[in-house]
Amino acid sequence: MKAQGKLAQDTAVVTVMSNLGFMKHMEKRGIRTATTAVGDRYVLEEMLAKGYNVGGEQSGHVILTDFATTGDGQLTAIALLNNFAKEDKKVSEFNGCYSKYPQVLINIKTTAEGKAFYKKDEYIEGFIEAKQQQLMGAGRVLVRLSGTEPLIRVMVEGESLEKITAVANEIVDKIKARLATIGA
C-alpha cells in the first residue's frame with residue numbers, strides 16, 4: 001500500500017503487544033507505527049481520529065477502513081492478495097521478510113486489591129523501569145493489567161530469549177513478593 005501511495009500518512013496502527021521486530025521492519029521501510037492499548041476498539045479509535053487506514057493486532061485482527069470498520073479475515077485476505085497481484089509478487093516472497101523478536105508472556109493471578117496496589121506501587125514501577133533499562137535498544141518490557149481478568153500481564157521482548165526470560169521471571173518474582181505483603 002505504501003508503494004502504491006495508498007497507505008494513509010505512511011502509518012499503520014498497532015497495539016502495545018505488537019512485535020518489536022515488526023515495528024523495526026516498518027521503520028526501515030519508512031512506515032510509522034502508531035501504538036494503542038490492546039483491543040480492536042482502540043486501534044479503530046486511533047485510525048478514525050487520525051485518518052489512518054490500516055491497523056491491527058498481533059493476533060491477526062486487521063482493520064482496513066477504506067472498506068470496513070471491523071476486522072474481517074476474508075477482506076484482509078482479498079486486499080493482501082490484490083496488493084501482491086498489483087506488485088506482481090508471490091506471497092511466498094514475503095515469508096520471513098522480518099525477524100520476529102522472541103516474547104515471553106507471564107500472567108500473574110491477583111485480586112482487584114492486588115491490581116489497585118500494583119497501579120500505585122512506585123517500588124514496582126522503579127524496578128520495572130530498571131529492567132527496561134537493562135534491555136535498552138535490544139528489547140522492551142510491558143507490564144499491564146488485564147481489562148477482563150484478575151491478571152497482571154508481564155511481557156518481555158528482545159533479541160535474546162535467555163535474557164528476556166530471566167528479566168520476565170525477575171519482574172514476576174518482584175511483583176508477587178510485593179503483592180504478598182498485602183495478601184493479594
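**Pockets and a buried residue**

Tutor: The largest pocket is lined by 37 residues, and Phe 22, Met 26, Leu 80, Phe 84 and Cys 97 lie nearest its centre. A pocket is an open set of points on a 1 Å grid over the protein atoms alone, where a 1.4 Å probe fits, with protein on both sides within 12 Å along at least five of seven lines; lining residues have an atom within 4 Å of a point. This is a predicted model: local features need pLDDT of at least 70, side-chain atom pairs count only at pLDDT 80 or more, and totals for chains, interfaces and linings use all residues. Residues are numbered from 1 along each chain as its sequence is written, and side-chain values use heavy atoms, leaving out hydrogens and water.

Student: Which element gives the most to that lining?
Tutor: Helix 3, with five residues. Helices are DSSP runs of H or I, at least four residues, and strands are runs of E, at least two, numbered from the N terminus.

Student: And the second largest pocket, how much space lies in it?
Tutor: About 170 Å³. That volume is the space filled by probe spheres set on the points, which are joined across faces, edges and corners. Helix 3 gives the most to this lining too, with six residues.

Student: New topic. Is Thr 36 buried or exposed?
Tutor: Buried, because its relative accessibility is 9%, and buried means under 20% relative accessible area (1.4 Å probe, protein chains only). Thr 36 lies in strand 2, residues 32-36.

Student: What does Thr 36 touch?
Tutor: Not counting residues up to four places away in sequence, Thr 36 touches Val 13, Val 14, Thr 15, Val 16, Tyr 42, Val 43 and Glu 46. Contact means heavy atoms within 4.5 Å.

Key: Buried means under 20% relative accessible area, exposed over 50%, partly exposed in between (1.4 Å probe, protein chains only).
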